[in-house]
Amino acid sequence: MAKEPVRVLVTGAAGQIGYALVPMIARGVMLGADQPVILHMLDIPPAAEALNGVKMELVDAAFPLLKGVVATTDVVEACTGVNVAVMVGGFPRKEGMERKDVMSKNVSIYKSQASALEQHAAPNCKVLVVANPANTNALILKEFAPSIPAKNITCLTRLDHNRALGQISEKLNVQVSDVKNVIIWGNHSSTQYPDVNHATVTTPSGEKPVRELVKDDAWLNGEFITTVQQRGAAIIKARKLSSALSAASAACDHIRDWVLGTPEGTWVSMGVYSDGSYNAPAGVIYSFPVTCKNGEWTIVQGLAIDEFSRKKLDSTGAELTEEKELAYSCLS
C-alpha cells in the first residue's frame, strides 16, 4: 500500500542550500525511496520570483515521489501541516557586523517562525535548524514554541561530522563508508570539537581505532581539528560561496537517520537540547553523539573523555552559554 505523503518545509528555499536541498528531498534522499513528499518552500518577499523559478524546476524534473509543491512568502501557509521543518533561512553575518547585530536579526526571525510552527505544523513535527548561529537559533525556536517537545528541535552538526569522516578517509586512503563514530561536540562554530577517540575504521582484519591507524597524534590533535573547524571558511575562499551541496546532503543525512534510525553500532552527531550529559551545560542546544531508533534520538552515554577532550568540551560549552545570554539580551 502506498504511503501517505510527508510534508517537508524548507525555509530560505530560493537560496543556495535550498536549491541544492529540495531536489534531494524530492528524489527520496531524505526520507527514503518509497516515501512520497509534499514540499513546502518559504522565502522572503524579495525572493518570491526566484522561489517560483525553483517551483517551476521541480515541476520540470517530474520527480515520481513529489506529490505537491507549496511555494510561498507567507509563514503560516508554509508551516501548515508540516511533518518535518528544515530551517535554512536566516540573516547572514555581513562584513562589519557585530555578533549582537546578527543575533538580534535572527532572534526576530526565529521567534516568528517558532510561533507559526507551533500553531500550524503537524503534531510531533521534527525541526532541524541549519541557519547560523544554528545552535542558538534552535534554542530561540524552542523557547518560543513551548508546545513542540524539546526533543523535536535540533540543529545541524552532521555537516561537521561528515567533514571529519571525510578528512580521516582522505588521510588513511580508505572508503568514507568504512569510517564511523567520529563525534562533533558542542557548537557549530570554530569552537566545535571534532573527536576521533572512539572512531573506528573497518579494515580487512576487522575494526581498528582511528588513532591506531593514523599513528600521528599531533595531526589528530592539531591540523585535523582546525581543518574541520574551518572547512566552511575554506570552501567560501575556494567557491566565493558558502557550502551548499554538502550542507544539503548533511541535512538529508540528519533527518534520514533521525526518522529511519542509525545502523547498529554506529552513532552520529546532532545538536540537541542538553540534559547536562558529559558535564556539558544544560539548557543549550549542544552537539552530542546520538543513536536514533523509532524516530527518537538518544545520547550515547559512558564514553571516556580524556583531559585534552575535557578542555575542548568545556570551551565550546562556554561559548554556547555566552551565545544564549547574548540572544536573551536581544529579547529584552
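# Reading strands, cores and rings

Q: How do strands E12 and E13 pair, parallel or antiparallel, and over how many bridges?
A: Two strands pair if DSSP finds at least two bridges between them. Strands (E, at least two residues) and helices (H or I, at least four) are DSSP runs, numbered from the N terminus. Here E12 (residues 268-273) and E13 pair in the antiparallel sense over 6 bridges. Within that pairing, serine 269 has proline 289 of E13 as its bridge partner.

Q: What kind of model is this, and what are the ground rules?
A: This is a predicted model: local features need pLDDT of at least 70, side-chain atom pairs count only at pLDDT 80 or more, and totals for chains, interfaces and linings use all residues. Residues are numbered from 1 along each chain as its sequence is written, and side-chain values use heavy atoms, with hydrogens and water left out.

Q: What does phenylalanine 288 touch?
A: Contact means heavy atoms within 4.5 Å. Set aside neighbours within four places in sequence, and the partners of phenylalanine 288 include Trp185, Val268, Met270, Tyr278 and Ile299.

Q: Which residues have the most contacts inside the largest nonpolar core?
A: A nonpolar core is a set of buried Ala, Val, Leu, Ile, Met, Phe, Trp, Tyr and Cys residues joined through side-chain atoms within 4.5 Å. The largest one here has 73 residues. Leu21, Met30, Leu58, Val86, Phe224 and Phe288 have the most contacts inside it. Another core, of 31 residues, lies apart from it and has Ala114, Leu117, Val129 and Ala145 among its members.

Q: What covers the buried residues of helix H1?
A: Start with the count. H1 (residues 16-26) is mostly covered, with 8 of its 11 residues buried. Leu21 is one of the buried residues. The cover includes strands E1 (6-11), E2 (37-42), E3 (66-72) and E4 (84-87). It also includes helices H2 (48-61) and H11 (245-260). Glycine 28 follows H1 and has a positive phi, near 95 degrees.

Q: How is an aromatic pair described, by what distance and what angle?
A: By the distance of the ring centres and the angle of the planes. Rings of Phe, Tyr and Trp (its six-membered ring) pair if their centres lie within 6.5 Å; planes under 30 degrees apart count as stacked, over 60 as edge-to-face, and the rest as tilted. The count here is 5 aromatic pairs. In one, tyrosine 193 and phenylalanine 308 have centres 6.1 Å apart and planes at 70 degrees, so the pair is edge-to-face. Tyrosine 193 sits in strand E9 (residues 193-195) and phenylalanine 308 in helix H12, 115 residues apart. Tyrosine 193 is buried at 1% relative accessibility, whereas phenylalanine 308 is partly exposed at 29%. Tyrosine 286 and phenylalanine 288 have centres 4.9 Å apart and planes at 40 degrees, so that pair is tilted. Both of these residues are buried. Ring pairs link Trp185, Tyr278, Tyr286 and Phe288 into a cluster.

Q: Which side chains make polar contacts with glutamate 319?
A: A polar contact is a pair of N or O atoms within 3.5 Å; within protein, one must be able to donate a hydrogen and the other to accept it, and residues adjacent in sequence count only if both atoms are side-chain atoms. Glutamate 319 lies in helix H12 and is buried at 16% relative accessibility. Its side chain contacts that of asparagine 187 at 2.8 Å and that of threonine 191 at 2.6 Å.

Q: Where does lysine 324 sit, and is it buried or partly exposed?
A: Lysine 324 is in helix H12 (residues 307-331). It is partly exposed, with a relative accessible area of 21%. A polar atom of its side chain lies 3.1 Å from the backbone oxygen of glycine 283.

Terms used:
Buried means under 20% relative accessible area, exposed over 50%, partly exposed in between (1.4 Å probe, protein chains only).
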